Amino acid sequence: MSYGENVSPLDFTTFDLACLSGSNGHGKSALLDAITWALWGEARKARGRTSPDEDLIRIGAQEMEVEFEFEVEGDRYRVIRRYSRKHHRRTGLELHAYSVGDNRWITLTGRSQHETQQRINSTLRMDYETFIASSFILQGRADEFTRRTPGERKEILASILGLDHYERLSELAREHQKECASSEQAALNELDRIDEELKQLPNLEERARQLDEELNKVNEGLRSVADRLDGEKKRLATLEERRRQLESLRWQAKELFNNFNTMMEQYKSWLKRYKELKDILNKESEIKSNYERYQEAARKGRELEGKLKELRELETNKRKIEQAIERVKGELEKQLAELRKEGDTLRREINEAMKLVNRRQEIERGYEELQSLKRKDKHLESLRRRHSELRELATKIKMEIDGVRLSLETQLKSILRQCKEIESEANQKEELESEIARLNAQLEELRELQKEADSVASGIIDCDKRISELSFKQTRLEDEIKDTEVKLNLLVESTEPRCPVCDSPLDEERKGKLKADFESSLDNMRSELEAITSEIVRAMGQRSDLQLRYGALEGRLKSMGAVQQRLANAEARLEKANEAAKKLERLRGEAEELKRRIKENDFAAELRERLMAVENEISQLGYDEELHLQVKDRLESMGIYETEMELLRRAQDKLSEAEGKLNKVKTDIALLQKRIAEGDFAHDEQRQLAELNRLIDELGYDELEHDKVRKEQERLESYVGLYERLSQAKVEIPKLLEQLRLLRQSIKNGHKRYKELVKQIKALEKELQAIPQVKQGIMELEGKHSELDRKRLRLQSEKGEVESNISRCKGLSKRREEIESDLQRLRHEKRIYELLTQAFGKDGIQAIIIGNAISEVEEEANNLLGRLTRNRVHVAFELQRETKGGTPKETLDIKVSDELGTRPYELYSGGERFRIDFAIRVALAKLLARRAGTSVRFLVIDEGFGSQDADGLKHLVEAINSIKSDFDKIIVVTHLEQLKDSFPVRIEVTKDPHTGSQFEIIRM
């Protein structure tokens, strides 16, 4: 958007009709783009763009956001849409509704942007294309509806009128029809399947008896095998317990053996430790002597380390002071170099100044001549400006004279063209009268057909009513037959002395009489049912014949609207032909008068007098352009002297100053050179350096002695550890001897226990040799048991399946009766849904609604065109036209006629086309506002007035004011000055190159 940050909100609630104005490119249309982008993510975009986001974002900005609040049927909503070039061109969309009770916004944002957009479209009940085709006349898109194809126009009208509801109903009825047909076929298939299965019932019952016998034999064998298997498993359990005892004994023996080895290893380890400690005690005197010598060497080493540390600190301080002295010397040498550089600069400035001073007389003479030329150029420039103004004025006056001539010639051509067109229209009178007579005869014939079609439609309704009544009787009679059959079956099967129906006493004679009465009643009801069914078939055939007749009549009647339209057009054209003859004579007189004025130059007298006065003033001015060019050329060549004069003044001022500075620099250089040569600097640092050298000499550190002490320490260091181990050995040896004695006793006891365990293990291993034989017997018995069990399960499964099939077959008879009943219902419902599909389709209710709406749009558009064109232009919509084969075809064509006849829309001029487009678009918008389906009462007219003359603009403003009561808000966008003050409120848009676009609301 061209709008920057911190822009104040634009409040539409403070006005009903407003003009949005400002220079081109300042951001008028951007305000409207913000509305459509916020609601639908759509706006103007560059050619080839699939999305307007990149085109809308402000140059230099990385992101944009629009917040738009609106009201639909009394409810307030808010949409917030964002776009960012950062984060992979991320977009965001939010929808909120205002809760009056809670005084806060409640979010309606969906889980995805697509879902949120669907909710916005559902709330507004329209999409972007429908909006701009009706309520939003975008810049350069006033013809958004007229330039569409007939099919696209019908889609836009369908969207405005909410006909998608009927389309959904038609589709829903079609789906139900398909479901009924599918269910009917499924029911027929199921009947076939049931009949096939019922044939298997005797075989299934015989197989069930055989399975019972086989199951009894298998169960006896299973009980015998199970008893033998139980005895073998008990024996195996006893042997398994012996196996666990064997494993425990083996584990104990293994543990004893491992402990024996561990104790032997430990005994060897303690014996070795005892010998090592004994050797250390034998070297007691040697260890003590060398430990004392190590202590003395360590003391001397610490003393020499202290001296070394102090020496290093002194040497560090010495290096710092030496570096400080060098820094001072470096600073002095740097100052000396800078002084020498300054002296060189001053010498160059003195030399440059002397060059200018030596040319002083030449520069002063050139400067005086330059000033004289400037004065002369100033005088000539004033003459040139006046001469140019007069020439431009003369040219403008000539163009105005030519414009008046061109206007007269254009008027003449227009009048001659109108005469030619009117003459052609006047000659059509007889042809039009003949056509009107033919159309009236055709229309009368169609009206007779309409009466016949109404009669056929009434017959169809009577058939539907008759079929419905008969179907009700049929259903009631079928229920009575079923009830009577049940009573008859109860009576026949009963063996009791009382009636099973009414519980009254019943003997054989009365039972026979009741049975005969039931059978007679059933015969009568079945005969009546057959007659009703035949009557339904006849009524449905009659209805089908009537429908075919109605369809044929309806096809022929589709052309009635077109005939009526053609008749109205022919009558309008006849009336215009009569008016054309009167107008032709007046136009011919105006043409002759214009020819005379053009031939005799009888026009623009005041302009011709002004032109003569301007040309006289030009000749008296005496401006010499060639002399002026010579003066300018000389000025350009002499311009250097102005710069040189300024440089000369500066050189004279700086010369003496530079010479004084140079003498001072020379003196400073000599002094610095003397200080550096004599060392006259850093006196404190030099004294500190001498003191440090003295302290280093007095310290007396001997590096050779220090190295000797270090080597002695390294040689005797091992005796420190030996000295510590000597003390430890005196304490540890008595304890170690006692541990060795106890360990020998444990080894002896363990060996004895190990021998006892080995004896027990061998006895158990002999007993467990019978386990494989027992397991083999169990496996054989289990195999036999499993085989019998599988056979039992298989027989039981087969028996269950057979019994299930028998039960299912017994229930299929009842299911068959239910299916036959469902078939009748499905066939009836399918026929009803066929009728509903046709009624809700495009050729049914939808065609009637569009026809009514088109009449509204046509009437509204012609009312507006009457105000805009003084009743010269008329539009008509055709919903049908004949194909080359003569059959009617659904369409939505726009026919335009004026005093010259009916012409294609494309042959009208730009201004005329705009007025036609404007009238149709406003008519559509008013239709949209009146229809409860959309509730959008908002009209925007963005530009398009540039093609209108002053009279056309006046009529446009009057037309806009006349429709403002039909809309809650009307916004007119323009940059034309003559329109800005024609509306009660103006939104003035301006643009700053740094902060972006801004707007101001101005009330007239």
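## Overall form

This is a predicted model, and the protein it describes contains 24 helices and 13 strands. The radius of gyration is 60 Å, whereas a compact globule of 1004 residues would have one near 30 Å. Along the principal axes, the C-alpha trace spans about 165 × 160 × 55 Å.

Of the 1004 residues, 35% count as buried, and the protein exposes about 62,500 Å², of which carbon and sulfur atoms supply 49%. When contacts between residues at least 6 apart in sequence are considered, 76% of them join residues at least 24 apart.

## A four-stranded open sheet

Four strands form an open sheet in the order S2-S3-S4-S5, with antiparallel pairing. Strands S2 and S5 stand at the edges with a single partner strand each, so one side of each has no neighbour in the sheet. From one strand to the next, the twist averages 25°. Helix H4, residues 113-124, lies across S2, S3 and S4 and runs at about 45° to S4.

Strand by strand, the pairing can be followed through its bridges. S2 and S3 pair in the antiparallel sense over 10 bridges, and in this pairing Phe-70 stands opposite Tyr-77 of S3. S3 and S4, which also run antiparallel, are joined by 7 bridges, with Glu-94 in S4 as the bridge partner of Ile-80. S4 (residues 91-99) and S5 (residues 104-107) pair in the antiparallel sense over 4 bridges, and His-96 stands opposite Thr-107 in S5.

## Hairpins and strand faces

The turns of two hairpins each contain a residue with a positive phi. In the hairpin of S2 and S3, which has 2 residues between the strands, Glu-73 takes a positive phi near 50°. The hairpin of S4 and S5 has 4 residues between its strands, and Asn-103 in that turn has a positive phi of about 55°.

In a regular strand the side chains alternate between the two faces of the sheet. Strand S2, residues 63-72, has a covered face made up of Met-64, Val-66, Phe-68, Phe-70 and Val-72, while Glu-63, Glu-65, Glu-67, Glu-69 and Glu-71 make up the uncovered one.

Which residues does Arg-78 touch, leaving aside those up to four places away in sequence? Arg-78 lies in strand S3, residues 75-84, and its contacts are with Glu-67, Phe-68, Glu-69, Glu-94, Leu-95, His-96 and Trp-105. Arg-78 has a relative accessible area of 15% and counts as buried, because that value is under the 20% cut-off.

## Salt bridges within helices

Side chains of opposite charge can pair when their charged atoms come close. The count of salt bridges in this model comes to 29. One of them joins Arg-385 and Glu-381, at 3.7 Å from N to O; these two residues lie 4 residues apart in helix H10 (residues 360-426), about one turn of the helix. Arg-385 is partly exposed at 43% relative accessibility, whereas Glu-381 is buried, with a relative accessible area of 17%.

A salt bridge also links the side chains of Lys-664 and Asp-668, at 3.2 Å from N to O. Lys-664 and Asp-668 are 4 residues apart in helix H16 (residues 640-678), which means that about one helical turn separates them. Lys-664 is exposed, with a relative accessible area of 54%, and Asp-668 is partly exposed, at 24%. Elsewhere, salt bridges that share partners join Glu-593, Arg-596, Glu-600 and Asp-602 into one network.

Because Glu-617 lies in helix H14 (residues 605-621) and Arg-386 in helix H10, the pair ties together parts that are 231 residues apart in sequence. How accessible is Glu-617? At 32% relative accessibility, Glu-617 counts as partly exposed, and Arg-386 is likewise partly exposed, with a relative accessible area of 33%.

Definitions and conventions:
Residues are numbered from 1 along each chain as its sequence is written. This is a predicted model: local features need pLDDT of at least 70, side-chain atom pairs count only at pLDDT 80 or more; totals for chains, interfaces and linings use all residues. Side-chain values use heavy atoms; hydrogens and water are left out. A salt bridge is a side-chain nitrogen of Lys or Arg within 4 Å of a carboxyl oxygen of Asp or Glu. Buried means under 20% relative accessible area, exposed over 50%, partly exposed in between (1.4 Å probe, protein chains only). Two strands pair if DSSP finds at least two bridges between them. Contact means heavy atoms within 4.5 Å. The radius of gyration is taken over C-alpha atoms; the globule rule is 2.2 Å times the number of residues to the power 0.38. Accessible areas come from the Shrake-Rupley method with a 1.4 Å probe; for residues, only the protein chains shown count as cover. Axes are lines fitted to C-alpha atoms, for helices over the stretch in contact, and angles run from 0 to 180 degrees between N-to-C directions.
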